[in-house]
Amino acid sequence: AAEFARDGFCLLPETLTRRQVADLNGAIDDHRQRFPGLWLKRGEAGREQCVAILLTHPVFDETILHAKTLPLVHQLVGDELVVEEHSVMIRAPIADDPPAASWHRDRPHNIDHPLGIDALSVVFYLSDVDETTHCFSVVPESAQTKCDPHADHDCNGEGARDLLGPAGTALLFDAGSCHAGRLRRTTRERRTIHVYFGLASHPPLSNHTPMPRRLIEHEDQNVQRLFRRPNDLTKAILTQA
């Protein structure tokens, strides 16, 4: 928690086991073969994303409810914690010079939260990420700076850190942090899972992810609480018998 407050992110090595990484990659391969139309082409030199894999592959529930990440997310966000989005992202190899990084913030700072959090993201690495691959890069920014309306909140990538690690690594970062995908000329594909958490008193971040009924109506009340403020897409699905 101290590292997160100082930088706005932290890496958790060896969060997923080798078997879990293999099972999740196998589920992605199966989903791409069975439901290719659900994999959206996002551009950016070959980025693909799927926001609906939870509907058909329960193995991904563990990436939301993981015993190592969820307690820390709860500690950082607080009791208003809810699940907002879930997606799988694949970045294809690039043979030519890659485009420049597109620095941005997903969310504004929330000065009413002690850590400035409006949303928090957990990213699971399903591929080895090093200096020869595409990677995620974040500019360190303290909670104190985030909550200071007079601080310099430019987002130009200055001082950014490339966050590297083997498959199985998890990254927690404040979605209000300045970040980008750092693309490289590489022969290796990069796969990641992205889970966004938010605050129950705020409107949903998006209508991207349809959450499955098995999670909304989970037998564990603590899990149900994570899905107590569904987005409109999920509400519409739940009206079906």
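Reply:

Just after helix 4, G78 takes a positive phi of about 105°. Helices (DSSP H or I, at least four residues) and strands (E, at least two) are numbered from the N terminus. The model is predicted: local features need pLDDT of at least 70, side-chain atom pairs count only at pLDDT 80 or more, and totals for chains, interfaces and linings use all residues. Residues are numbered from 1 along each chain as its sequence is written, and side-chain values use heavy atoms, with hydrogens and water left out.

Within helix 4, the buried residues are L70, L72, V73, L76 and V77. Here buried means under 20% relative accessible area, exposed over 50%, and partly exposed in between (1.4 Å probe, protein chains only). Seen down the axis of helix 4, these buried residues fall within an arc of 160°, so they line one face of the helix. The arc is taken from the directions that run from the helix axis to the C-beta atoms.

Q75 also belongs to helix 4, and at 57% relative accessibility Q75 counts as exposed. The C-alpha atoms of Q75 and A1 are separated by 8.0 Å, although the two residues are 74 apart along the chain.

What does helix 4 (70-77) share with helix 7 (221-226)? Each of these two helices supplies at least two residues of the lining of the second largest pocket. On a 1 Å grid over the protein atoms alone, a pocket is an open set of points with protein on both sides within 12 Å along at least five of seven lines, a cavity is a set where a 1.4 Å probe fits but cannot get out, and lining residues have an atom within 4 Å of a point.

The second largest pocket has a volume of about 210 Å³, a volume being the space filled by probe spheres set on the points, which are joined across faces, edges and corners. The residues that line this pocket are L70, P71, H74, D79, L81, D220, N222, V223, R225, L226 and R228. By class, the lining residues divide into 5 nonpolar, 2 polar and 4 charged; Ala, Val, Leu, Ile, Met, Phe, Trp, Tyr, Cys and Pro count as nonpolar, Asp, Glu, Lys and Arg as charged, and the others, Gly among them, as polar.

The largest pocket has a volume of about 630 Å³. Its lining consists of 29 residues, of which R47, M89, H104, D106 and Y196 lie nearest its centre. Strand 3 (47-50), strand 4 (81-91), strand 9 (179-182) and strand 10 (190-199) are the elements that give two or more residues to this lining. Strand 4 gives the most to the lining of the largest pocket, with 5 residues. The lining of the largest pocket has 11 nonpolar, 10 polar and 8 charged residues.

There is 1 cavity of 30 Å³ or more in the structure. The largest cavity has a volume of about 90 Å³ and is lined by 13 residues, of which V83, M211, R229, P230 and N231 lie nearest its centre. The lining of the largest cavity comprises 7 nonpolar, 4 polar and 2 charged residues.

The buried residues of helix 2 are V21, L24, N25, A27, I28 and H31. They cover an arc of only 155° around the axis, which puts them on the same side of helix 2. What covers them includes strand 3, helix 3 (62-65), strand 4 and strand 10. The face of helix 2 turned away from its buried side carries the exposed residues R18, R19 and Q33.

E14 lies in the loop between strand 1 (9-12) and helix 2. Its phi is near 55°, a positive value in a residue other than glycine. Most residues other than glycine have a negative phi. E14 counts as exposed, at 70% relative accessibility.

P212 is found in another loop, between strand 10 and helix 6 (213-216). P212 is buried, with a relative accessible area of 5%. Not counting residues up to four places away in sequence, P212 touches L54 and L55; contact means heavy atoms within 4.5 Å. The C-alpha atoms of P212 and D30, 182 residues apart along the chain, are separated by 19 Å.
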